[in-house]
Amino acid sequence: LDIHKVRKDTRGCHDKLFFDSAGASLSPSVVTDAVAAYLKEEELIGGYRLAELQQDAINGFYSATAQMLGCREDNIALSYNATDAFAKALSSVPLKEGDVIVTTDGDYISNFVAFISLKKKLGIHIIRMNNREDGSIDIKYLDKLLSIQNVALVSVSHVPTSSGVIQDVEGIGKICRRHQVWYMVDACQSVGQMPVDVHKIGCDFLSATGRKFLRGPRGTGFLYVSDRVLESNLSPLFPDMRGALWTGVESYKLVEGARRYELWEYNYANVLGLKEAINYGNKLGWDNIYNYNQSLSAAFRQKLEAIEGVSLYDNGPQLSNIITVRKEGIELDRMKKHLTDHNIYFSVASATNAIIDMPEKGIDWAIRLSPHYFNTAEECEQVCTVLEKL
Ligand SMILES: Cc1ncc(COP(=O)(O)O)c(C=O)c1O
């Protein structure tokens, strides 16, 4: 990875210590330049004419995303964000009263809210997979669970929002395939920081957002939809005129491919920006990005842990670039002010968003630092020095 070029391409990284790629990352300049250029054209000729003229460039989003995930273009649907993609996918899974959804302690808050809503409306049950001592998912238990329960869907957040663990989505996928259970992966925090191959994972759906480790614009995301889903003719609860053709007064026909999960209206400036962000990573290589990220964050964790009073809260055999930190005796407001005064950009992970995971760890907040491949070891050291001073 040519870190000098990467930093040159990242206009926002030079005057601050930016450690919030798990929140909303800094885009490379090609992303914002593409968005700005498109908007300027829209100002002059209007959105519809420009979209027509730029059709090929816009379609490049599908090939870029398919290349990243190792699938075909027609397995990809645009979405407004990860939650939108997840909700449309969930709405298409055939569920009835008494069916079980299996998830994890660390699944995303909005995914849990959606499951609870289904519990209220349809009478489904929610079961959480067991964790092993080391924080990973107990795959053997999952296998047993799928043999004895009426499980309709397994759903996992690949990297939870407020904990650094990388879940074994491939191991879970093998079990789901064996039991022929629908399998959804929320890859919102993993896509962009590591290679994500949908065939290796063996999932039916994979949802993601543009603005985090992918470094794309806000208000963008996508959904991967497997051939198994398409062949089974699943579709979202509310397809619109993009996803379906109105064939008669009371009939419609779904379009082929994953685009049945799309709605008609998109902000195409942002779609082009997302395409640029994905292609930027495709060119660098997701393995290169992952290797850089792994060594950066492993060294950072070691240095953080060596600071007196500092504790990290990320349990698991495999950890990502989400690092959750506290310092003994330091209240949240003081911590936030200290980091902000020293020009560090971060987010706060709070127990209100992780009501199972955080109380189990005995905490109600943690500072979330999320370095990415435009960060350097020196920047990590500067953050450590700032924390030492507190
Ligand atoms: C694991 C995970 N899933 C889903 C989401 C939701 O993403 P979005 O806000 O793009 O819908 C987030 C956001 O933080 C997340 O961390």
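## Contacts along the chain

In this predicted model, 69% of the contacts with a separation of 6 or more link residues 24 or more positions apart; a contact means heavy atoms within 4.5 Å. Residues are numbered from 1 along each chain as its sequence is written, and side-chain values use heavy atoms, with hydrogens and water left out. Local features need pLDDT of at least 70 and side-chain atom pairs count only at pLDDT 80 or more, whereas totals for chains, interfaces and linings use all residues.

## Overall form

The protein has 16 helices and 15 strands, which are DSSP runs (helices: H or I, at least four residues; strands: E, at least two). Its radius of gyration, taken over C-alpha atoms, is 21 Å, close to the 21 Å from the globule rule for 390 residues, so the protein is as compact as a globular protein of that length. The globule rule is 2.2 Å times the number of residues to the power 0.38.

Of the 390 residues, 58% are buried, that is, under 20% relative accessible area (1.4 Å probe, protein chains only).

## The ligand site

The residues around the ligand (a heavy atom within 4 Å) include Tyr 108, Asp 186 and Arg 211. By class, this shell holds four nonpolar, five polar and three charged residues.

For Lys 212, a side-chain N or O atom is 3.1 Å from a ligand oxygen atom. The protein covers 92% of the 390 Å² of accessible area that the ligand has on its own, by the Shrake-Rupley method with a 1.4 Å probe.

Notes: A polar contact is a pair of N or O atoms within 3.5 Å; within protein, one must be able to donate a hydrogen and the other to accept it, and residues adjacent in sequence count only if both atoms are side-chain atoms. Ala, Val, Leu, Ile, Met, Phe, Trp, Tyr, Cys and Pro count as nonpolar, Asp, Glu, Lys and Arg as charged, and the others, Gly among them, as polar. Buried means under 20% relative accessible area, exposed over 50%, partly exposed in between (1.4 Å probe, protein chains only).
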